[in-house]
Amino acid sequence: MKLRVSAVQYQLQTIRSFEEFAAQAEHYIRTADEFGTEFVLFPEFFTTQLMSIGDAEGNALTIEDLPDFTGQYEQLFVSLAAKYNMHLIGGTHVIRKEGKLYNTAHMFYPDGRIARQAKIHITPTEVTEWNMAAGDGLEVFDTYKGRIAMLTCYDIEFPEIVRMAKAKGADVIFCPSCTDDRHGFYRVRYTSHARAVENQIYVVLTGTVGHLPTVDFMRANYGQAAIITPNDVPFPPRGILAEGEINNDMIVTADLDLDLLYEVRERGSVTTWRDRRTDLYTDWE
């Protein structure tokens, strides 16, 4: 079984209305549709672009204002998922729940359902500057093309949580990311490769590009999408099905062959999932 995925290198730029945001989002989805894509991944924090709209005095909105757009954001992506008959992983959007802010990944099903996964590991900047709260559980999500998980940026740097996702049956990890320099970018990129090798899974990764001059902590972005595989004979030697050009406005697309995953787990050059020494360390199954 195969699924076609596209990862969006979303170009952050100042906008004046929600309608501009909606038009830009649909542009990428329409482009992916031309390639017959079934799953589209947007980056972490891409809805911070809405903060650049500003208030009546021309000042940028704050992170506390961002959850006010949740209804419009969800309505937009529900309608686009239905219109294009796609699963849309709508990056992350900040929601407010019981007085706390959560950086939350959303997946919009073609039939109107919405799956949500709050970011589990929160960076120091998210805590000190944006007062973001951590999610308190991991879920995996069934689709007509298999089971997936959504782990956001910093989450991919923690091997335990990806082990748990694989133990729950996830074959694909969608990882929306947002990094402002090369150090952060390569932390996420290298650990995405490690997680794919350790768990014999696919990782679909993307990040924001461009800049928002008026929005605090979103003035600089360093991003590149990549569709990452285990490193074994049926796959490309570098473990990359497709990758974008760093910091360019674009999307990348590739087919994920789930049967190849099952094959390498049973008969690969290495069988890392099967060969775990669970007599020595925790078994997440």
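Ring pairs join Tyr10, Phe18, Phe21, Tyr28, Phe42, Phe46, Phe69, Tyr73, Phe77 and Phe108 into a cluster. The model is predicted, and a search of the whole structure finds 21 aromatic pairs in it. The count of salt bridges comes to 18.

**Aromatic pairs**

- A pair of aromatic rings is described by the distance of the centres and the angle of the planes.
- Among the 21 aromatic pairs is that of Trp130 and Phe217, which is edge-to-face because the planes stand at 85°, with the ring centres 6.1 Å apart.
- This pair links distant parts of the chain, 87 residues apart: Trp130 belongs to helix 3, and Phe217 to the loop between strand 12 (209-210) and strand 13 (226-228).
- Trp130 is buried, at 8% relative accessible area, whereas Phe217 is partly exposed, at 42%.
- Phe185 and Tyr186 also form an edge-to-face pair, their centres lying 4.8 Å apart and their planes at 75°.
- Of these two residues, Phe185 is buried, with a relative accessibility of 5%, and Tyr186 is partly exposed, with 30%.

**Charges over rings**

- Arg113 is placed over the face of Tyr109, 3.9 Å from the ring centre.
- Arg276 has its charged end over the ring of Trp273, at 3.7 Å from the centre of that ring.

- Salt bridges link Glu26, Arg30 and Lys83 in a network.
- Glu26 and Arg30 form a salt bridge through their side chains, with an N to O distance of 3.6 Å.
- Both residues lie in helix 1 (residues 18-34); because they are four residues apart, about one helical turn separates them.
- Glu26 also forms a salt bridge with Lys83, in which the closest N and O atoms are 2.7 Å apart.
- Since Glu26 lies in helix 1 and Lys83 in helix 2 (residues 70-84), this pair ties together parts that are 57 residues apart in sequence.

- The side chains of Lys119 and Glu44 form a salt bridge, 2.8 Å from N to O.
- Lys119 is in the loop between strand 6 (114-118) and helix 3 (124-130), while Glu44 is in the loop between strand 3 (39-41) and helix 2, so their pairing ties together parts that are 75 residues apart in sequence.
- Lys119 counts as buried, at 1% relative accessibility, and Glu44 is likewise buried, with a relative accessible area of 1%.

- Ser192 is part of helix 5 (residues 182-199).
- Its relative accessibility is 0%, and Ser192 therefore counts as buried.
- A polar atom of the Ser192 side chain lies 2.8 Å from the backbone oxygen of Val188.
- With neighbours within four places in sequence left aside, Ser192 is in contact with Ile156, Val203, Leu205 and Ile228.

Key
Residues numbered from 1 in each chain as written. Predicted model: local features only at pLDDT ≥ 70, side-chain atom pairs only at ≥ 80, totals over all residues. Heavy atoms only, no water. Salt bridge = Lys/Arg side-chain N within 4 Å of Asp/Glu carboxyl O. Helix = DSSP H or I, 4+ residues; strand = E, 2+ residues; numbered from the N terminus. Buried < 20%, exposed > 50% of the residue type's maximum accessible area, 1.4 Å probe, protein only. Polar contact = N/O pair within 3.5 Å; in protein donor to acceptor, adjacent residues only side chain to side chain. Contact = heavy atoms within 4.5 Å. Phe/Tyr/Trp six-rings, centres within 6.5 Å; stacked < 30°, edge-to-face > 60°. Lys NZ or Arg CZ within 6 Å of the ring centre and 35° of its normal.
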